[in-house]
Amino acid sequence: MGAILAPLVVVLGERVPFAVFGMAGILSGLLVFYLPETMNKPLYDTMAGLEEGEKTPCKEMGKVHTNHAGPMNSNSHWTDEDDSSASIEEEFCNLTENTNMNGNKFDKALIEFYMKIPKKARIEHAETTVSTRYSGKLFSSVIKRLTPKKISMIEEYGMDCMLKFIKTDVPLRFVKWIASVFDTNASEIQLTKKFIPVTKQTIHNILDLPIGGIELVPDCEAGREFLLSHFLVSSIPNVNFFANKLISGEHLSDKDIFICFMSVCFTSFLCPNSSVLPSTQYFHIFKDCKNVRRYDLSKFVYDWLVSSIRSFKQAVKKLSKRTITFGGCHYVLAVAYLDSVEFGLNSLPDEYPRMLVWKGNRIRQYSDMDKNSSNSFGKRPLKRLVPASVYQVDRSFGKDSCRKFPKAFSSPFNFNGKLKSMFSSFLTEQVIEDIVHVVLTNNIGKPKDFESWSQSLVCDVLN
């Protein structure tokens with residue numbers, strides 16, 4: 001209508017057009033004050049979604065749809081946090097496990113889960129609220145509701161490792177502390193004169209994700225194009241779109257089952273970001289689902305975690321940031337640290353992968369044992385041997401077998417023998433001897449721990 005009337009207004013005179021156009025702008029500006037507030041409120045793509053949202057029993061629409069940790073001040077001193085988000089998440093998981101819900105009921109439950117979490121920190125005194133989209137409980141609840149047929153399809157595509165995950169409680173306060181002492185440049189958790197390296201091998205030995213092979217190069221454009229065309233949607237669907245397809249009785253092809261499962265896995269567990277919408281960086285690999293296991297998923301999850309920690313630490317330094325989102329796989333970060341701590345008689349068995357051991361409330365229980373009186377962690381000493389999460393996997397016998405190699409190699413012969421047992425298939429004896437000589441020469445006069453970690457680093461690189 002505006003395009004039709006504009007030429008007619010112009011011919012009215014010299015000043016009339018300016019007056020008409022000016023009054024139209026002023027009038028539209030005044031009408032903006034009558035529009036509803038959209039800050040921290042769900043934005044719907046369709047009128048049907050808006051109507052469903054208005055029917056939800058969530059009265060306080062202004063609350064942030066995230067798992068909130070407690071506030072922290074600008075100096076990065078962590079304060080007490082409310083664990084009510086954990087109880088709300090538990091309530092949601094119990095609801096999905098005990099109720100046969102489909103379609104709109106599951107959507108309402110998921111929306112209520114994200115909107116029901118109270119916002120503890122007020123926007124005053126420059127306090128910052130830390131939130132996360134990580135939800136291991138949500139991912140485990142979806143796994144529990146998979147049918148045997150869907151489980152067999154996921155196993156057939158080679159991602160049965162993620163089916164081993166069991167609901168685990170990871171305190172957000174604990175992983176915030178680990179992130180605060182994590183050096184992203186050195187890729188290690190730095191304590192007082194002690195260091196815990198975190199590599200892609202750590203990811204592999206905790207989650208049993210594929211390691212080595214093709215590097216997964218992020219391609220947002222290709223991933224978005226594939227997702228929209230495959231599911232015939234006009235915009236990137238919410239994570240509950242994929243979860244609902246999995247747990248409902250809807251008939252899905254084998255490929256759709258795998259894509260939906262991996263979407264929930266990446267979005268809520270492996271690579272959560274600041275949105276409930278899945279990231280399109282990795283969707284292009286699902287064009288050929290049978291070759292997904294050929295990608296180096298361990299490295300992709302590792303890179304995502306380090307990048308999330310780096311972004312989190314940078315956001316903490318900015319006083320203007322009132323809400324900070326902490327992404328990445330919190331479960332891996334917690335296990336990598338706890339596996340390196342000495343718990344004496346309470347030590348857990350050396351079982352591989354580590355997700356078979358760290359389950360239930362163990363992370364919360366053991367983090368409480370490592371808690372200082374000053375509301376921080378790091379009370380207990382570190383192990384003298386390499387923790388189970390950095391064990392090396394020997395692939396020379398066709399079937400993976402986990403071997404326990406001590407952190408401290410008592411002699412050059414032990415290090416030489418380890419290299420021969422692991423890499424003799426593609427390294428000659430002369431090359432192995434040269435590697436041992438270089439490592440030992442560059443560590444003369446340095447602490448024994450530094451020499452041991454450098455030897456472990458060499459094995460990680462070669463592996």
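So, where is the place of Asp208? Asp208 sits in the loop between α9, which runs 200–207, and α10, which covers 220–231. Before I go on, keep in mind that this is a predicted model.

Okay, why am I pointing at Asp208? Well, most residues other than glycine have a negative phi, and most peptide bonds are trans. Asp208 isn't a glycine, yet its phi is positive, about 65°. Asp208 is also buried, because its relative accessibility is 11% and the cut-off for buried is under 20%.

Now slide along to the loop between α10 and α11, the latter being 239–247. That's where you'll find Leu232. Leu232 is another non-glycine with a positive phi, this time about 55°. Is Leu232 buried or exposed? Leu232 is exposed, with 76% relative accessible area.

And then there's α11 itself. How many of the nine residues of α11 are buried? Eight of them are, so α11 is largely enclosed by the rest of the structure. If you want to click through them, the buried ones are Val239, Asn240, Phe242, Ala243, Asn244, Lys245, Leu246 and Ile247.

Last stop, the peptide bonds. Go to the loop between α14, at 330–338, and α15, at 362–369, and pick out Pro353. The bond from Tyr352 to Pro353 is cis, with omega near -5°.

That's my tour, thanks, everyone.

Conventions. Residues are numbered from 1 along each chain as its sequence is written. This is a predicted model: local features need pLDDT of at least 70, side-chain atom pairs count only at pLDDT 80 or more; totals for chains, interfaces and linings use all residues. Side-chain values use heavy atoms; hydrogens and water are left out. Helices (H or I, at least four residues) and strands (E, at least two) are DSSP runs, numbered from the N terminus. Buried means under 20% relative accessible area, exposed over 50%, partly exposed in between (1.4 Å probe, protein chains only).
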